[in-house]
Amino acid sequence: MTTYIIRRLIQTVVVIVLLSYVCFSLMTLMPGDPVELMIQSNPKITSEDVARLRTLYGLDQPSYVRYFNWVKTIAAGDLGYSRTYRIPVSELMGPKLLNTFYLSLASLLLSILISVPLGIYSALHPGSKADNAVNFFAFAGISVPSFWLAIMLILTFSVYYKIFPAGGTFTIGIDENQSWDYFWDRSKYLVLPTVSLSYQSIGRFLRFTRSAMLEAMRNDYIRTAKAKGLSYTRVIWGHGFRNALIPLITILALSFSSLFSGAVITETVFAYQGVGKLVYDSIIGNDFNVAMVSFIISVAMVLLFNLIADILYGVVDPRISYK
Amino acid sequence: MSTNEKTKVITAEQRAEMERFQPMWKIVLTQFFEHRMAVIGLAVISFFIFVALMAPVIASITGLDSERQNALNRYKPVNSYVTVSTDEREAKVTEFIRDHAEEANSLQAELIAKGLVQPPRPEDALFDLVGKDPQETLKILSQVNGEPALHLTKIVNNFESHHWLGTDELGRDVFIRLVYGTRVSMGVGILVALASSLIGLLIGAVAGYYGGFIDTLLMRLTDSLLSLPILPIQIVIAAIDLNKVPGLGFLVGDENQSIYKLVFILVLFSWMTVALLVRGSILSLREREFILAAKTLGANDSTIIFRHMFPNVVAPMLVSVTLGVGESILWEAALSFLGLGIQQPTPSWGNMLFNAQDLMTEAPFLAILPGILIFATTISFNYLGDGLQDAIDPKAIRR
Amino acid sequence: MKLSMTAFSLFLTLAFSANSQAALSNDEFKIGISQEFENFNPLIATMSATSYMYSLVGRALVTLDADGKWVPQLAKSIPSMENGGAKFATVNGKKTVVATWEIIPAAKWSDGKPVVCEDFKLARTIADSPNVSVGDKETYTQIEKVDWDPKSPQKCTFTYDKARWDFYQLARTYPLPSHLETAVFAQYGAQKEGYEKNTLYAKTPTADGLFNGPYKIAEVKLGSHVTFVPNQYFYGPQPKIKKIIVKLIPNTGTLEANLRSGTIDTVSSLGFSFDQALAFDKKVKSESLPYKVEFKPSLTYEHIDLNMENPTLKDIKVRKALVYSLNREDLVKALFEGRQQVALHHMATIDPWYTADPKVITIYNYNKREASRLLDEAGWKMNDKDNYRYKDGKKLSLQFMTTAGNKTRETVQTYLQGQWKAVGIEVVIKNEPARVFFGETTKKRKYGAMAMYAWVSSPESNPKSTFHTASIPSDKNGYSGQNQMGWSNKTVDKLVESLETEFDAKKRTEIAHQIAKIYTDDVPVIPLYYRSDIAVPPLALKHFRLTGHQYAETNEAELWDLTK
């Protein structure tokens, strides 16, 4: 088990390094570099100055050398400097990561809380009216454009009914000590983004839970368990659900990936201060260091959760053993 | 699978009916038609495909043009009649002069002689005339007698256009833009789904059939692509300067550059599911007797893959393609929403939505309509995929 | 069901009752902007949102007021030849101007230290450093020297790089607190991005002593908001509003929702798109909302640069045809409801040098047939099959670029595309994010044919940096200069040079008109329209004036008053 985890960890690190190199190369294909921004603002600059600046920034070197230098500075704990905001990246990332984490977590919890019970219910009553309704709800979830839903939510709940704020992260000026008021305030701002972000995953989880549960209930051991005279609840939870859980965990862990990237759109529409929006802005604004760091963080998170999913597999499914 | 099943008494005819041999496709078809929502989905999709294919015909029947602007009449509500733009009126006059030069000349001379218009140059007389408000133009024309004036009056009477679904921010007809948007969005969706399933099919087949190192390599690639946060990478790729990519410079400046780029980006990140699926089926097929038989008979690899294996993976792929179309349409919309998708003036549902978002509260219809179309298409594709899945899944046969 | 829905929403409304719009008072004022901002170092900052906010906290010797006049701020008065504050001098064999600027004694940094000449010298030194990227570098370095007598550290002598008539306008440069920033620059100035990273404006923006304006910063959350509180050491009257919060709402589509739900109290001049402002204006009137939608003609000149290296555009007939085929009157009427004005040349209507006299400049009135005639003459013949023009088998096709994501520009762009299509010119649109578009494309003339964007100038500004041959960005000058058309005209070169040192106001106007004549004759640029600034102040806000130029309305924020 331990060797398996270690091997997977090493694999994950290798993948991250490879991907970061790919991304680094992609970023160098983007137009503009820091020296060009300086030239733009200085009409008296000479070509010698430009050459000197390029050397100073290491821009005259091939991209693999620049990549290597960049890795060195990262390894030394220096995440670099944001060209757009003109502050160190480390100061920029912290709070945004936390905000995204709140949003993703809330959305994930909401998705699970709604989709798992509904999915099981509809799997146990296939073909019923309720099943059809749940199915439609799920299909609608995976089919609705998330930004459109977000805009509709704002129109309904902020403009028309004025129940929730139209955008933002928290009320500016509120006391940020972890008091009850602060928590309440943050929650208020989280409601609409969470709903719009989670509806899509609710749709997917629902479909998944339902089919996993249907599959599980079709197995022979269910018939055996029923024949043994076990109680209905016991059959469903102890035998059906336990087995439906295995594929479910995979999709849950994988969904962290979409929670991080899906947040780009939701965070933009709701002006929510998270990593997703930062990634988008930094890529568009060619803010190299921010883009690379946030990109690597989101890739690393995804790969990490894949690993966790694989390990959890073994916990819920005794048939799987890690060697 | 209700818990209290009762024994059903069946007649001999029913029994005979049930035991009669049915070919597979018939079973599948019957199964499919039992899935009501899938059938509705198929109908909706067929309708949209029909609309997409017929877009030019619809345009010529209604006389609408998806790019024709009428900036003085923007944001008109549903079902409104507006005067066409000056440019178009002038174009009509140019046509009139070209086709009926004599009539035009005499009319021009008469207009100037009667002092009804004062153009800077005589040949501008008719243009000056139609540049005025249509009511005024008609009034002036009524003061001139003769065939030419009547002819032009007829043309001026047609200086009105009807917009069922109103007009957008440049006075373009929303209905025809939605029709052409259907063409673009469905086209991109279907193209991406087909291309990515072809790539997935190839990669999956090669990996599954040959196994070993190739398999490991291809599957690692598939896994890492699957685990990536797609949107940020798509943003990076969409933002790349094509001039800096060797070999792609020729695309720069092409009218459809944004469409090619979008299709490329979407295909790049959507072949993995098909690859996994195909690989799985091929792995299990590899051990089957008929493949062994083919091998023994000396068939080469490509024959085995193409002749014997592919037919067996077509069914599950069909499902995946169907689901893929819906997903691609959503991605197109998402990227267009971020301003990285299809560029104006080509309409797509995604960029129509993007254009409408600023005026959500004032012209909500402009945003609601494309959103509903995206939703309707995607959900139809999803139901269709679900129906197909049920129909071809042997476990689900409900005979 | 319906009842329970109502009850539910009632419950929610009660639970989250914070959204009912509180009555406005001087205690707090929340401004909405839609553009990103950066750190507050006035030299490094380049974003318009930052300069918008900087006027709340920092002042210069002079500024341009809302009436378009130069007025002193930190200076006692503006020196001139007439009042003896400035005189000609010859330094190192070069004729130049030397001016004496006296700082008002009340001018203090927010830690109570006086603003002194050394502060201006430090700003100039840092701006001149090759390792620091300074947005408005040219303005700082046109002041060659800052001297003072140690006995009177607030009486400074500025020596300029040449005998320029507009020397006093260069005093719009901002000082930096030398008692704080000198040490930072000494320590990090030689490193790459060293000063940018370590300036106190980035490290401790809320520290005392960094600002000399009516407000100082109480809190900065990049990408979210900035909170301002009064600066007790401000030289002028203490501001009436006790707290200003500038909130960033990046999605303009939700700006209105935020305004109406009370998340913000006003939308600044960096907020609404034009379409939104027009729509909101109608709503304000029909629903009698407590806001005013203000439009103010500005010095922002929207235009299309023509790439003079493009073989098709080298033909002046094609360039003229491009202008003739544009119905700019309709454009302004249709898209802006007449709230912005058609541009004839580079000088805006509120510029004293503005002229619309057809005897002085060449005016192109919309005329599609004239455009067609010119194109025919140039050899571009209409093909009846696809309704585009061809010459030697080549289609008349031009690439048209602008900044992606700017809603108004993209709409205008599509409108123009339609107009040109009508005369048989194919226009291919390619848009890029602003940083890429300005950072690379326009500067290196990588736009195929046309690039649409805006210049913001001050009144009576010399177009040298955009018109002079030496200002064409090229490999030789390291791609500096802003003649992004690549326009080279010897007469214009001479005229802009002489304009710089012409002290006679009347002659200056004449020269400016001569330049405008050549500019309109030669058509290196297609003038489109002059933008208007838009803001949505609440009705209760008094002394709010839009300026129409780069010194935002916040320059008078200390006067703003919300009391009834």
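Two strands count as paired if DSSP finds at least two bridges between them. Helices (H or I, at least four residues) and strands (E, at least two) are DSSP runs, numbered from the N terminus. This is a predicted model: local features need pLDDT of at least 70, side-chain atom pairs count only at pLDDT 80 or more, and totals for chains, interfaces and linings use all residues. Residues are numbered from 1 along each chain as its sequence is written, while chains are lettered from A and ligands numbered from 1 in the order in which they are written.

**Four-stranded sheet of chain C**

- Four strands of chain C make an open, antiparallel sheet in the order E4-E5-E7-E6.
- Strands E4 (86-91) and E6 (143-148) of chain C are at the edges with a single partner strand each, so one side of each lacks a neighbour in the sheet.
- Neighbouring strands here are turned by 30 degrees against each other on average, direction ignored. Axes are lines fitted to C-alpha atoms, for helices over the stretch in contact, and angles run from 0 to 180 degrees between N-to-C directions.
- E4(C) pairs with strand E5 (residues 94-102) of chain C in the antiparallel sense, over six bridges. C:Thr90 has C:Lys95 in E5(C) as its bridge partner.
- E5(C) also pairs with E7(C), antiparallel, over five bridges. There, C:Thr100 has C:Thr157 as its bridge partner.
- E6(C) and E7(C) pair in the antiparallel sense over five bridges. C:Asp147 stands opposite C:Thr157 in E7(C).
- A hairpin of six residues links E6(C) to E7(C).

- Along E7(C), C:Cys156, C:Phe158 and C:Tyr160 point to one face and are buried.
- A residue is buried if 20 or more other C-beta atoms lie within 10 Å of its own, exposed if 12 or fewer, and partly exposed in between, with C-beta atoms placed from the backbone.
- Helix H3 (residues 117-128) of chain C lies across E6 and strand E7 (155-160) of chain C, at about 155 degrees to E6(C).

**Six-stranded sheet of chain C**

- A second open sheet of chain C has the order E13-E20-E12-E19-E17-E18, with mixed pairing.
- Strands E13 (341-342) and E18 (426-432) of chain C are its edges, each with a single partner strand, so one side of each has no neighbour in the sheet.
- Strand E12 (residues 294-306) and strand E20 (residues 525-535) of chain C pair antiparallel over nine bridges. C:Glu302 has C:Tyr529 in E20(C) as its bridge partner.

- The contact takes 34 residues from chain B and 36 residues from chain A. Two residues are in contact if their C-beta atoms, placed from the backbone, lie within 7 Å.
- H17(B) gives the most to the side of chain B that touches chain A, with eight residues.
- That side of chain B divides into 24 nonpolar, eight polar and two charged residues. Ala, Val, Leu, Ile, Met, Phe, Trp, Tyr, Cys and Pro count as nonpolar, Asp, Glu, Lys and Arg as charged, and the others, Gly among them, as polar.
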